[in-house]
Amino acid sequence: MTHSWFEGAARPRVLAHRGLLTADDVSHGVVENSFAAVAAAHAAGAVYVESDCHLTADGVAVLFHDADLSRVTGDPRPVAHVSVRELEALMAARGGLITLGQALEAFPTMRFNLDVKAKDAAPEVGRIVAPHGHRVLLTSFADERRLAALAAAETAGDGVRPATSAGTATIARVVAAVAARSSGLVRRSLTGVDALQVPERRGRMRIVTPRLIAAAHRHHVEVHVWTVNHPDDMRRLVAMGVDGIVTDRADVALSVLDQESPPADSG
């Protein structure tokens with residue numbers, strides 16, 4: 001059965017990677033994963049926002065990619081060593097801090113694709129998204145973090161379990177199974193997974209192939225490719241059969257991809 005995160009939205013899915021930064025936003029110092037970046041994605045018409053979760057020193061789940069603040073704010077401290085009030089001050093001139101709770105409340109029609117970046121963040125992320133499971137997909141490079149967040153969501157909520165995409169180890173098993181043409185191993189590896197979110201290549205190795213896409217689709221699993229910013233690459237991948245594009249340029253993707261709502265019985 002298709003999870004509600006996928007239902008009723010146009011495809012190919014455009015996932016706004018860390019929100020959206022226009023040239024004007026950048027000129028005014030706005031940064032990724034800020035309140036302004038998420039708002040810009042929403043204003044551009046994006047249904048999906050891909051973001052990242054860390055935990056502050058005082059236990060608040062925030063949308064932030066890096067483990068430390070150096071690249072985004074110039075402060076070398078880890079996110080885990082800074083209070084939410086301190087982080088709000090640092091982000092005030094950069095588009096504004098957005099906590100996970102604020103994101104879900106301020107943008108009630110958006111669907112969030114959340115990458116749990118820290119082990120300690122998983123229980124809190126799961127707890128916060130529990131009431132919003134119908135519009136949240138949880139993922140992590142580490143399957144352990146992804147599963148911990150899902151378990152916390154199930155414990156805290158009585159609604160819809162969030163959707164999920166595979167971690168790195170699971171993806172490796174799927175790719176190996178596809179290469180070995182082992183349908184049984186593909187099936188087992190994809191159990192409990194709603195999406196494969198992958199780069200087109202890893203070094204010289206091609207990850208996204210027609211065979212991988214076909215294998216995923218046979219098990220009702222979508223394939224989303226990151227991070228794709230050139231219109232020609234977007235069109236090429238969609239023509240290949242991928243279901244979603246994770247992009248820094250959601251405004252461009254929405255304008256160049258011919259999106260159509262999936263048929264009612266699509267899986």
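**Reading the values of a predicted chain**

The chain of this predicted model has 12 helices and 11 strands.

User: What makes the chain as compact as a globular protein of its length?
Analyst: The radius of gyration is 18 Å, and the globule rule gives 18 Å for 267 residues, so the chain is as compact as a globular protein of that length. Along the principal axes, the C-alpha atoms fill a box of roughly 50 × 40 × 40 Å.

User: Why is Met205 called partly exposed?
Analyst: Buried requires a relative accessible area under 20% and exposed requires over 50%. Met205 has 43%, which lies in between, so Met205 is partly exposed. Met205 belongs to strand 9, residues 205–206.

User: Which residues count as contacts of Met205, leaving aside neighbours within four places in sequence?
Analyst: Val175 and Glu200 do; the criterion is heavy atoms within 4.5 Å.

User: How much of the chain counts as buried?
Analyst: The share is 51% of the 267 residues. The chain exposes about 11900 Å², with carbon and sulfur atoms supplying 54% of that area.

User: How do you know what confidence the predictor has in the chain, and where does pLDDT stay under 50?
Analyst: On a scale from 0 to 100, the chain averages a pLDDT of 95, and 97% of the residues score at least 70. The values stay under 50 over residues 263–267, where the model has 4 contacts beyond four places in sequence.

Methods. Residues numbered from 1 in each chain as written. Predicted model: local features only at pLDDT ≥ 70, side-chain atom pairs only at ≥ 80, totals over all residues. Heavy atoms only, no water. Helix = DSSP H or I, 4+ residues; strand = E, 2+ residues; numbered from the N terminus. Rg over C-alpha atoms; globule rule 2.2 N^0.38 Å. Buried < 20%, exposed > 50% of the residue type's maximum accessible area, 1.4 Å probe, protein only. Areas by Shrake-Rupley, 256 points an atom, 1.4 Å probe, with all protein chains shown as cover.
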